[in-house]
Every structure is written in structure tokens, then in C-alpha cells.
Amino acid sequence: MVKKGIIIAGMCFCLQCAFCTQLPEVFTNWLTQYTNDDTADLAEEIYRNALFRLENPIDLNHVDRETLETFAFLSDYQIENLLAYRHDFRYFATKYELCLVKGFDEISLALFLPFVQVKEPYSSKPLSATTIFSSLHYEVTHRFDHIFQPKKGYQNQQYLGKPWAGYIHCRVNNTHISINSMMEKDAGEPFTIPYNKGFDFYSGHIQLSNIHFLKTFVVGDYKAQFGQGLVIGNGYNFSNWSNFSSCSKRNDRISGKISAEENHFLRGLATTFSTQHWQFSLLSSIKQVDGANGIHRTKKQWLQKKEATTWCIGANVAAHYTHFKIGCSLLYDQYTHLSFIGIDYRTYWKNFQFSGEFAINHKTKIATIHTVQAQLHSTLSWILQLRYYGKDYGNGYGFATNVDNTYQQGEVGAISGIQWQAFKGAQINACVNWFKVLDHQYRVNKTAIGYKTYLGFTYLITTNQQLFAKWQWSKQERNFSDSNTGFLPTYHYQKNTLLLQYNATLANAIYLKSAIAANSFQFFDPTIYWGYAVFQDIGWKNNYIQLTGRIAFFDVPHYDNKITVHEQDVLYAYSNTAYYGKGIRTYLNIGIFPYKNIAIYLKIANWHYLYQNQIGSGNEIIQGPNKTNLHVLFQYKW
């Protein structure tokens, strides 16, 4: 065991050393498995929180279950064993003692260790105004983005603003208080009168936490998650159901919004009071409905910015015990004039966990989701999830685990999968998802059945080498549009996706990543269309500068072949880049650290397309084969 601890310690050291201000690559790989270009805002928020935990690690000797449950890569089995180990042995002498906790293998240790520390046991100090406002951390971040080539929307004056994007984010926080403000403008959005008085989007909140019975109080922009998310659930939600920990929601919580997304959040007041076993929450929100989905470049989009005003009120009450939890959520949505009530539960029995929620609106339309997780062996876990979303349930504030990360109406489905620690350093994830569309959905106008499968393999070869592979297959029905007749017949749509990736750290300073991504799809006719992308990353760092570069070659002939892969970006920006067309993608990302509390990031990236002299469509058209982006970020902390 001691030898294993030394190996894991070396592994995590090597994984961090190449980029001590960046998250370990093993974490980034984990995150890219479960997010895509449609969930960029979610990934950015998870990424920001992980960076915060990297700079402010949790203390294993004092962390509670609720905080541990925020780490989505930790299973309930691992959390239960960690708390039991601490109870039996009183405290952790070192964080590498985690290797003695049942259920923590090489991969989960490599994921978790960078975010934890061990402090000597201490007696808690009584709360006072002095302790609440002590040890405050201050942070100011400014980001600027620009595309050098002019787009059609600026040339024909359809875009109201200038071709730059940026935001300013200010944050003051400690354990008990958090004050955030953010100002953001997308490229092409106006910055001056008569359209805007400065930035296009403003966001902020003041949050108090863990002050006697007051667990949380937020005024401003926030997110809320209760039960399984059928009634109130605009918090974390992965698009890829192969992540077991996210299939069953674990945290009933309200938290201030910190990302730059402009849609899925609440704006108003919210509070949670808690005792040892009970928790009671109230929330209210009033905000403008944005018909342009956060993009306001043209006059039509700007007029849709405040299409209507809507408000909602909600509440949750829950009883929490060591092995059992039950809760009730209520919501009234003024925009749809619908009321919702839901009962959720979670319980443990031996190595089994049962969780779920049943929800109904005042028109007796229902939605329900239930999950069983079992730890069949210390190296093997299994999951089964059943879900049903009624056709007219209609809750825009409820987001639960499903196929495409957006709340679905008119769907029934089931997920089953395993997670297996096949041998030392190796983990296999396999899932199959069956679903049936009960009503018209996007690109399918009839009742239809679909399947999605996932197979992932992660292998820590040595302390500084990692291999990752995944394969996904989907089959579902989709409408084919005939522009001549307007007739929409339905055909089977099949897609296969494969990713192979190898990472290595050399001499604790040089980082390499090699990967190939490929896919195929078949629809309407027997022809199978293929696309691929091959890329090579290299990075280097010392105490004052950090360099990361990539060159990628891609041939993606059809939009349905679109390939999405992660790439390094400036601080706090989580970038999943979509490859479409044929050409070369290059970028250089530079981090400069002239002083302890100052960081400057620069990224310049270029698309060079072969055999085409036009990029994009509509107002986004760029004439010529090149598209060059510049990202600049400045951060000052004290």
C-alpha cells in the first residue's frame, strides 16, 4: 500500500507539474468525455469551479458529504467509504492515505488528489462578523476576443456593433461570503447608445453561506438544483449519460452564477435554512425572456432581447439522514401558467443506491425518473435508469438526465451501463441508452425509437503517460426534407464516432498530446460518409511562462461528420472546438506570470481551409480561406 501511495503521488505530481496553473490533463480528459459543443457553458462553469478547488483545496479532515458530492467523478460508494475511513481512524495523516480507502483506484486518485489537502484537526471557532469578513480573496479578470478577417454582417452593416468580444469579471469571496459581478459583450453586439449603454449583458450576485442555520442566501443571479431536477433543476447536467455520478443528482443546493451564459439561470432572491437533518429552501426569480438566445448582433435580435417578462416562485423541503433522503419541490411558472410538485428520494441498502423523482403539473401531466446503482464488486459498478417525460408536462425550469442535455417532452427511455476497473490503472465505461419519442421533436415528426451506445477506455500506463479511447454509436429516425415537394419522410440515421488519444509528460516540463478522431454517418441512402481529424499538441512551462501549441489536419466533408475536440484556451475558458470542412487548424497559447498575483494569457489561432475561398454562411461569411482569432486575458488577484 505504501508503494502504491508513492506511485500515485508521483503520478499526480507529474500530471500537475507541466501546467501548475492549469487543471491536470487527466481531469480535462474526464470532462471532455461528458461535455460537447452544445454544453460549453456547463463545461466552463465546472472548469471554473475546478480551478477554484485547485487553488483552494478541500481539507480531508473536515470536508462534509455535501462538498464531496460536488465532485462529479466521485461515486457515492467512494464518498461513503472515505467518510467511514475518517470516522474509523479519526483523521488523515496525509492526502496520499486515500489510496487505503476502498474504491479509490489509480484513475480516481489521479482525478481527486490535486483538489485535496490535509490539515491538522482543529476546534471550530465561533462565528462572528470578524470571522465572516476575514481572509477575503479579491480577483479581477478581463478578457478580449477578436477575429481579424471581416465578416459579411459588418460589411453590409447588419451587425450593430464592433467585431470584438470581451468581459470583465470581479470577484470577492471567502468561506462565508461571495460577491460577483460580470459584464459581457459578444462580437457584433452594440456597445453604445441607442442600443446599449456599454456591455450587452450584466450579471452579478451576493451570496452568504454557512452562517449558523443560514446555509445559503443569494440575491442576484443564481442557479438551483433540487431532487433529480424535474421540478427545479438548472444546475449541473452532463450531456453524456456514461458518467454514472451525474445520472443521479446528489446536491440540493442554491449557488450564485459565475459563468458568462445568458440563459439557464434565475435572477432574484433565494435562501436555504438547514438543521442537522432538515433543509428548507425558498426562491423567486423575475427576468426578461430572451428570444435571441443571448446573441444580439442584428436589430431583429436586439428587439428580441427583452421579448417578455416572466417570473417564478418555488420551494423545497428535504429531510437528510445518513442513508436516506426525501424531499418535496414546488414551482409556479408565470410564463406558462403551470404549477409543478415533485417528490424525490435517495436511499442506500448495502451496496445498492436507489434514487428518483416523481413530478406532476396541475393539469395532471407527469414526468418521472428512477435510478438504481450497485457496487457489485470493489472494481465493478452497474447502473440502470428509467425515465418518462409526459408530452404536455411542459416545465422550462426542469432539467434532468436525458439524451441531449435539454429537457425533453414526450419521451420514454432507459439507460444501463457498467464501470469496471479492469486491471491496474485501467478503467472501462460502457453504456447503452434506449429511448422512444412520444411526440414531435426536432427533426422527427412522428413516434420513433432510437439507441445510443458508449464505450470508453482510460489507461494510466505509467506515472507520466495516459491512453484514452472512446467509441460511440447511435441509431435513430430523422426526417429528410425534400425542397421540391416539402414532403418529410423518415429514415434511419446511424453514426459512429471514435477517438484515440495519448498524453505524456517529459522531464516534468514538456507536455505532449497526440490524437485522432474519426466518425461516419449514413442517412437516406446506402452511402457511408467519413470524416477525421488528426492533431498534435506540445507544451512547455517554467516559473514565468507557459506555452501550448497545436497543429491539426482535418477532412470533415459533411456537417453531420462534425468532430468536436477539446483545445487549450486562456484561463477560465473551456473550449470544445468543432472541425468541419478540410484544412489545417493551428494555435499558440501563451501564459505569462510576471508577478505572483498577475497572470496574462494570449492565444492566437488560425483556420486554413483547403479548396474553398469562403468560410461560414449568412452574415458570418468570411471571404478567403483563413480565419484568425485572438484571445487575451488579464488577471489580478490579491
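**Contacts, salt bridges and local geometry in the predicted model**

Apart from neighbours within four places in sequence, Asp569 is in contact (heavy atoms within 4.5 Å) with Arg143, Ser575, Asn589, Lys603 and His631. The structure is a predicted model, in which local features need pLDDT of at least 70 and side-chain atom pairs count only at pLDDT 80 or more, whereas totals for chains, interfaces and linings use all residues. Residues are numbered from 1 along each chain as its sequence is written, and side-chain values use heavy atoms, with hydrogens and water left out.

Asp569 is found in the loop between E25 and E26, where helices (H or I, at least four residues) and strands (E, at least two) are DSSP runs numbered from the N terminus. With a relative accessible area of 6%, Asp569 is buried, the classes being buried under 20% relative accessible area, exposed over 50% and partly exposed in between (1.4 Å probe, protein chains only). The side chains of Asp569 and Lys603 meet in a salt bridge at 3.7 Å, N to O, a salt bridge being a side-chain nitrogen of Lys or Arg within 4 Å of a carboxyl oxygen of Asp or Glu. This pair links distant parts of the chain, 34 residues apart, with Lys603 in strand E28 (residues 598–609) and Asp569 in the loop between E25 and E26. Lys603 is likewise buried, at a relative accessible area of 2%.

Side chains of opposite charge can pair when their charged atoms come close. In the salt bridge between Arg550 and Asp537, the closest N and O atoms are 2.6 Å apart; Arg550 lies in strand E24 (residues 545–556) and Asp537 in strand E23 (residues 529–541), so the pair ties together parts that are 13 residues apart in sequence. Arg550 is buried, with a relative accessible area of 4%, and Asp537 counts as buried at 4% relative accessibility. Glu567 and Arg585 form a salt bridge through their side chains (2.7 Å, N to O); because Glu567 lies in strand E25 and Arg585 in strand E27 (residues 581–595), the pair ties together parts that are 18 residues apart in sequence. Both Glu567 and Arg585 are buried. Asp537, Arg550, Glu567, Asp569, Arg585 and Lys603 are linked in a network of salt bridges, and a search of the whole structure finds 19 salt bridges.

Several backbone features were also identified. Most residues other than glycine have a negative phi, and most peptide bonds are trans. Tyr572, in the loop between strand E25 (563–567) and strand E26 (575–579), has a positive phi of about 75° although it is not a glycine, and at 7% relative accessibility Tyr572 counts as buried. Arg90, in the loop between H5 and H6, also has a positive phi, near 75°, but counts as exposed at 69% relative accessibility. The peptide bond from Ile193 to Pro194 is cis, with omega near 15°, and Pro194 lies in the loop between strand E5 (177–185) and strand E6 (201–211).

The largest share of the nonpolar patch, 3 residues, comes from E10. Ile326 lies in strand E12 and counts as partly exposed at 37% relative accessibility.

Overall, the secondary structure of the protein chain comes to 10 helices and 31 strands, and 52% of its 638 residues count as buried. The protein chain averages a pLDDT (the predictor's confidence in each residue, from 0 to 100) of 86, and 89% of the residues score at least 70. Over residues 1–20 the pLDDT is below 50, and this stretch has 47 contacts in the model beyond near neighbours in sequence.
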